[in-house]
Amino acid sequence: MNLPAVKETPESILLERSDWQLVQQALERLPVAYREVLLLCEVEEMSYQEIAAALTIPMGTVMSRLSRARRALRDSFGKMQRAGG
C-alpha cells in the first residue's frame, strides 16, 4: 500500500508562517499610498482602472505607485530575510 507523500511538515509550516510574518511586516513599512494600491491590486484583484476610480487618481499614478510598491516590498522583504526577521 502506497501512502500519499506528506506535503507539509512542521518545519515547512513554520517557514511558511515565518515568511508570511515577514511579508506582513514589510507591507506595514510601505507608505500608505503604496500599500493601498498594492492591496487593491493584489488582494482585491481590482484593475488599474478600478483602482484609479476608487482612489480618484490618474491610471499612470496607479501604475507608478504599484511599481514602486512592489520594488519597495521586495527590497524590504529581502533585507528582513537576510537580517533573520
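Start by selecting S76, which sits in helix α4; helices here are DSSP runs of H or I of at least four residues, numbered from the N terminus. This is a predicted model, in which local features need pLDDT of at least 70, side-chain atom pairs count only at pLDDT 80 or more, and totals for chains, interfaces and linings use all residues. Residues are numbered from 1 along each chain as its sequence is written, and side-chain values use heavy atoms, with hydrogens and water left out.

Is S76 buried or exposed? S76 counts as buried because its relative accessibility is 14%, and buried means under 20% relative accessible area with a 1.4 Å probe, protein chains only. Now show what S76 touches: A26 and R29, setting aside residues up to four places away in sequence. Contact means heavy atoms within 4.5 Å.

Next, select L38, I51, V62 and L73. Within the largest nonpolar core, which has 17 residues, these have the most contacts. Such a core is a set of buried Ala, Val, Leu, Ile, Met, Phe, Trp, Tyr and Cys residues joined through side-chain atoms within 4.5 Å. At least two core residues come from each of α1 (10-29), α2 (32-42), α3 (48-55) and α4 (59-83), and α4 gives the most, with six.

Stay with I51 and display its partners: V37, L40, C41, M46 and V62, leaving out neighbours within four places in sequence.

Finally, zoom out to the whole protein chain. You will see four helices and zero strands, and 22% of the 85 residues count as buried.

Conventions: Buried means under 20% relative accessible area, exposed over 50%, partly exposed in between (1.4 Å probe, protein chains only).
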